[in-house]
Amino acid sequence: MKNSLSQRDQRHLWHPLTQHKNSAPPIGIVQAKGAVLYDEQGKEYLDGIASWYTAMYGHCNATITSKVAAQMLKLDQIVFTGFTHEPAVELSEKLMAILPENQQKMFFNDNGSTAVEAAIKMALQFHHNKGEKKDTLIAFENGFHGDTFGAMSVSGLSVYNGPFEDFFLKVVRIPAPQKENSAKVLAVLQQLISENDCAAFVYEPLVQGAAGMKFHSSEGLEALLKLCKENNVLTIADEVMTGFGKTGKHFASEYMETAPDIMCLSKALTAGMMAMSITSCTQEVFNAFLDDDISKGFFHAHTYSANPLACAAAIAGIDLLTSKAIQNDSVRINEQHLQFTEKIKVHSKISEVRVLGVILAIDLDVKMERYGDLRNRLFNHFMERGVYLRPLGNTIYILPPFVTSNKQLESIYTAIKEVLEII
Ligand SMILES: *Cc1c(COP(=O)(O)O)cnc(C)c1O
C-alpha cells in the first residue's frame, strides 16, 4: 500500500507555525466542498474558521471555480508594469464601489504581510516625498500584521517576533481602546505624537484577530483616527482579516466615521482560491508620488502583481459578497451566534463571549496552573468531533464560511458545549 500523505509529508515538508520536534504529523486533506474538509481516511471536518478566513463563500465554490477556469483559458499571467488587463480593471471598479469613498487607488501584492509592507513603505515615502522626516510608526499592543519585517515590526505578539526584534523599524505602541480607557489611550497617543516624528498608525480595525479575536471600541478608535488626521499621521487599516463582510459590514472601517488613508486587503479577497492582496489608498496619498523626478514614484513590485486568475477569483468573490444570498447568510449566522451566546454565556468555565458579524469568540476562565497545553487539548477535542477550530490560547473562536448551514453551525456549537464539560 502507498504511504499516506501524512507519512510522505514528513520527509521534505516544513510547515508554518510548527515545532517539528514534537507536533503531531499533519492531517492529509484530499478534498474540500462548502464548509467541509475531507481527509485521506474519509473523515469529515467542518471548517469553522473558513481556512484562516479565506474561503468565506465555501470551498470549491462553483461560481468562483468556473470564473477562474474561464480566465485560465484566456490570459494566465502578464507583467503588470506597462501592461493592464480586463480582470485587474474590472476588479478595481468593483472593489472601489464597496470600499470607503475616500479610497481611490489600489496597488497589488501577494499576501497580507506584503500588503502591510507596501502600506508602510507608501506611508514612509509619502512623507519623504513631501520633504518631511518621519521615522516612527504607531501600532496597537498585541496587534498582528504579518511576518515580513515591516509587518512584524508593527505586530506586537512576541511569540512570532522574538529572534528578530533587534532588526525592527521604529514603532511606538498604544493599547487598543476599550470604552473605559478610551480617554487615557487618546492621551497616550497625543503624547507619543508630540514626542516622535510619527509617519503612520497601523491598526486592525475593531477586531485583533491573532491576539484572540479581541474587540475594541469603535468610538475609541474613531477618536484615535481623528487625532492622527489632525497631526498629519497617515492611518493604515489592516483589514486583511476583518475585510469582506466578517464584521457584518463589508469592511470594519465602516463602523467609524473617519476613513483610513490606506487599507490592506487579502485573505477573503480572493475567496480562498488564490494568493493575492491589495493595498488601497486615497488620491492624496497617490498624488504625493507624482513628480517629474522618477525616483518619487513607488518603486516596489511583485512578479505576480494583479495575476489575472487571482483577479478573476476576487471579482467572483465580490459578486458573491454583495449578493442577496450571502448578505442573508451573514445575518443568519450572526443571529445563530447570538442565540448560542445567550445559552452559554453563564457557563462557569466562560469568562467572556463576544459576537460581531460572523465572528464568535469565547474566552475560557481557566486558572493559569491548569493552562498547560490547554490550546492543544482543545484543538484535539474539536478535531475528534469533526470540527476544525484553532483556539488561540484560552480563546475558542468561530469564523465560519457564510455558506455554513444552521445544522452545521449547530454541530460546531454542540462540540463547544461538549468540550466545555471535559476540559
Ligand atoms: C493573516 C493576517 C496578515 C498576514 O497575512 P498573510 O497572508 O498571512 O501574510 C496580516 N494582517 C492580519 C490582520 C491578518 O489577519
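Analyst: A residue counts as buried under 20% relative accessible area, exposed over 50% and partly exposed in between (1.4 Å probe, protein chains only). By that rule, buried residues make up 53% of the 423 residues here. The model is predicted: local features need pLDDT of at least 70, side-chain atom pairs count only at pLDDT 80 or more, and totals for chains, interfaces and linings use all residues. Residues are numbered from 1 along each chain as its sequence is written, and side-chain values use heavy atoms, with hydrogens and water left out.

User: What makes the radius of gyration agree with a compact globule?

Analyst: With 423 residues, such a globule would come out near 22 Å, and the protein has 22 Å, so the two agree. (The radius is taken over C-alpha atoms, and the rule is 2.2 Å times the number of residues to the power 0.38.) Those C-alpha atoms fill a box of roughly 65 × 55 × 45 Å along the principal axes.

User: What is the secondary structure made of?

Analyst: There are 15 helices and 16 strands, which are DSSP runs (H or I, at least four residues; E, at least two) numbered from the N terminus.

User: Why are H3 and H11 called roughly antiparallel?

Analyst: Look at residues 62-72 for H3 and 308-321 for H11: their axes come within 9 Å and cross at roughly 150 degrees. Angles under 35 degrees count as roughly parallel, over 145 as roughly antiparallel, 65 to 115 as roughly perpendicular and the rest as oblique. H3 and H11 are therefore roughly antiparallel.

User: Which residues of H3 and H11 meet?

Analyst: Thr63, Ile64, Lys67, Val68, Gln71 and Met72 in H3 meet Pro308, Leu309, Ala312, Ala313, Ala316, Asp319 and Leu320 in H11. Contact is heavy atoms within 4.5 Å. By class, that's nine nonpolar, two polar and two charged residues.

User: How do you know which way H8 and H9 run relative to each other?

Analyst: The axes of H8 (residues 182-195) and H9 (residues 218-230) come within 9 Å and cross at roughly 20 degrees, so H8 and H9 are roughly parallel. Among the residues that meet are Leu186 and Leu189 in H8 and Leu224 and Leu227 in H9. That contact has eight nonpolar, three polar and no charged residues.

User: Which residues are buried in H14?

Analyst: In H14 (residues 374-384), the buried ones are Leu374, Leu378, Phe379, His381, Phe382 and Met383. After H14 comes glycine 386, whose phi is positive, near 75 degrees.

Notes:
Axes fitted to C-alpha atoms, helices over the stretch in contact; angles between N-to-C directions. Nonpolar A, V, L, I, M, F, W, Y, C, P; charged D, E, K, R; others polar.
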